[in-house]
Amino acid sequence: MSLRRLLAVFAVVGMVVIAGCAGGIDNGEPATSGVTEQATTTVGPTETAAPTGELVVHQLNVGQGSSTLVVGPDGETLLIDTGDWTDDGEDVIAYLESQGVTRIDHLVTSHPDADHIGGHAAVIEHFETNGDGVGAVYDPGIASSSATYEEYLDAVEAHNVTLYRTQAGDSIPMSGATAQILAPPEGYLANEDRNENSIVVHIQFGASSFLLPGDGETASEEYLVDTYGDRLNSTVLAVGHHGSRSSTSAAFLEAVSPRVAVISSAYESQYGHPHEAVLERLAARSIPTYWTATHGTITFTSNGSAVTVATQQDAPTTATDLRSGNAIEPGTGGGLVDRLVIPAAGSGTTPITDPAGTTEPAETTSTSTAGRLNLVEIHADAAGDDAENLNGEYITVEHTGASSLDLSGWTLADAAGHSYTIPEGTVLEPGDQLTIYTGSGTDTEAELYWGKSSPVWNNGGDTISVRDATGTTVIEETY
């Protein structure tokens with residue numbers, strides 16, 4: 001082993017993260033007064049006071065790779081991965097500059113694969129020489145023999161950036177938010193497989209939370225479910241390993257129960273990402289899913305009680321329909337438009353209409369005024385025999401917006417997959433209600449008939465889903 005390699009391994013393995021306030025990261029020297037032992041990691045909405053400001057998670061469109069920027073309420077930055085080696089960090093740096101980022105407070109290496117650390121060396125070099133530097137780097141401590149990994153360590157050493165070996169139980173000191181490390185555990189998983197030992201980051205801001213699992217696969221997900229169970233519950237899930245079938249298992253999805261998911265991979269991925277099995281699992285749970293290959297760069301802006309989703313390009317969000325969207329090249333510039341507001345707790349989602357011709361980001365609407373279509377009544381148990389009184393089973397929705405709402409091509413579905421498409425020319429004016437009956441009849445402006453020969457809505461409980469013509473979930477409510 002060369003001296004260079006010995007120094008690199010020592011640097012990675014010899015340090016651990018010390019929890020504390022922003023700016024409280026040490027230089028690897030033994031802990032002194034004022035530093036307490038690392039607390040046991042807990043996951044879940046533990047904050048009781050309402051947070052101030054906003055936290056924004058940016059999922060960059062970097063093609064077949066991954067890069068996630070988190071900007072805290074006080075402007076502190078956490079960058080997880082930097083895309084593929086073929087780009088050498090150019091698109092990531094350009095995006096960071098477009099956002100006014102001058103310093104990376106925390107740079108996380110989820111794992112040493114070249115499609116995740118491809119821009120590390122360039123990012124460190126850029127911000128150390130042209131910006132305000134890199135505060136610290138967090139690494140799972142499993143080395144790689146690739147030239148990309150060597151260049152990354154060279155940049156760390158050249159600029160004397162603090163490098164921490166980071167494992168489950170550690171936390172990243174981020175002002176105004178909680179950033180916890182859930183994996184890998186001490187001793188590692190699966191014979192130190194790089195993917196399975198990805199750093200898994202859980203970020204909590206008010207009632208909202210984000211789970212970012214890197215390329216964790218079966219062993220990582222089983223560890224997370226066994227260790228944390230339903231405490232993994234998160235508002236937003238970054239789908240593991242670019243949507244590979246080896247990740248995002250049914251058990252993992254059940255534990256996380258995300259309100260929305262995001263996938264980072266190329267439109268024509270050489271690995272076939274995202275795999276259909278994963279898309280089917282997401283669709284079965286009616287999880288609105290965004291894909292960098294068709295939506296472009298995606299942001300999730302949390303005010304602590306709701307998360308607003310914005311994308312560069314409009315595209316389907318039903319997971320199994322993702323590939324019907326148009327491709328958008330990595331690094332494509334342009335503004336983002338708000339598409340959806342998701343309450344961080346409770347049920348139901350609220351769409352934000354993209355005004356015709358809008359090219360600049362639309363003004364964010366608060367959850368109290370964003371609603372346009374609300375579910376006002378669910379009548380699942382018809383009088384007498386449901387099968388003989390199908391029009392005694394119905395749902396009613398109300399248009400709460402300030403302008404006309406065209407429902408043409410929107411769909412209504414239950415948990416079993418029964419689906420009804422709202423006819424062309426169905427338009428609601430502000431304050432209008434629309435009732436959709438299960439049985440047959442003559443459609444009117446206020447009443448539609450599904451035409452089913454048997455009941456749809458389960459008397460013992462069901463999930464009502466309404467999606468607009470683009471596939472975006474507008475209402476999802478379980479009774």
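Trainee: How should I read the accessibility of Glu192, as buried, exposed or partly exposed?
Mentor: Glu192 has a relative accessible area of 45%, which makes this residue partly exposed; buried means under 20%, exposed over 50% and partly exposed in between, with a 1.4 Å probe and protein chains only. This is a predicted model, in which local features need pLDDT of at least 70 and side-chain atom pairs count only at pLDDT 80 or more, while totals for chains, interfaces and linings use all residues. Residues are numbered from 1 along each chain as its sequence is written, and side-chain values use heavy atoms, with hydrogens and water left out.

Trainee: Where is Glu192, and what is its phi?
Mentor: Most residues other than glycine have a negative phi. Glu192 has a positive phi, near 65 degrees, and is not a glycine. Its place is the loop between β8 and β9; helices (H or I, at least four residues) and strands (E, at least two) are DSSP runs, numbered from the N terminus.

Trainee: What is the phi of Asn160?
Mentor: Phi of Asn160 is about 55 degrees, again positive in a residue that is not a glycine. Asn160 sits in the loop between α5 and β6 (162-165) and is exposed, at 70% relative accessibility.

Trainee: Which residues does a cis peptide bond join?
Mentor: Most peptide bonds are trans. Here a cis bond joins Ala183 to Pro184, with omega about 5 degrees. Pro184 belongs to the loop between β8 (178-183) and β9 (200-205). A cis bond also joins His273 to Pro274, with omega about -5 degrees, and Pro274 lies in the loop between β12 (260-263) and α8.

Trainee: How many salt bridges are there in the whole structure?
Mentor: Side chains of opposite charge can pair when their charged atoms come close. The search finds four salt bridges, each being a side-chain nitrogen of Lys or Arg within 4 Å of a carboxyl oxygen of Asp or Glu. One of them pairs Arg103 with Asp105, with 2.9 Å between the closest N and O atoms. Arg103 is partly exposed at 31%, whereas Asp105 is buried at 17%.

Trainee: What does the salt bridge of Arg285 and Glu254 tie together?
Mentor: The N to O distance between the side chains of Arg285 and Glu254 is 2.8 Å. Arg285 is in the loop between α8 (276-284) and β13 (289-291) and Glu254 is in helix α7 (residues 250-256), so the pair ties together parts 31 residues apart in sequence. Arg285 is partly exposed, at 31%.

Trainee: Which residue forms a salt bridge with Arg323?
Mentor: The partner is Glu276, and the closest N and O atoms are 2.8 Å apart. This pair links distant parts of the chain, 47 residues apart: Arg323 is in the loop between β15 (306-311) and β16 (337-343), and Glu276 is in helix α8. Arg323, at 34%, is partly exposed, and Glu276, at 39%, is partly exposed.

Trainee: With which side chain does His58 make a polar contact?
Mentor: The side chain of His58 contacts that of Tyr95 at 2.7 Å. A polar contact is a pair of N or O atoms within 3.5 Å; within protein, one must be able to donate a hydrogen and the other to accept it, and residues adjacent in sequence count only if both atoms are side-chain atoms. His58 is in strand β1 (residues 55-59) and is buried, at 6% relative accessible area.

Trainee: At what angle do the axes of α4 and α5 cross?
Mentor: Two packed helices are described by the angle between their axes and the distance between the axes. The axes of α4 (residues 120-130) and α5 (residues 147-158) cross at roughly 20 degrees and come within 8 Å. That makes α4 roughly parallel to α5. Axes are lines fitted to C-alpha atoms, for helices over the stretch in contact, with angles from 0 to 180 degrees between N-to-C directions; under 35 degrees counts as roughly parallel, over 145 as roughly antiparallel, 65 to 115 as roughly perpendicular and the rest as oblique.

Trainee: What separates the C-alpha atoms of Gly333 and Asp91?
Mentor: The separation is 9.7 Å, for residues 242 apart along the chain. Gly333 is in the loop between β15 and β16 and is exposed, at 59% relative accessibility.
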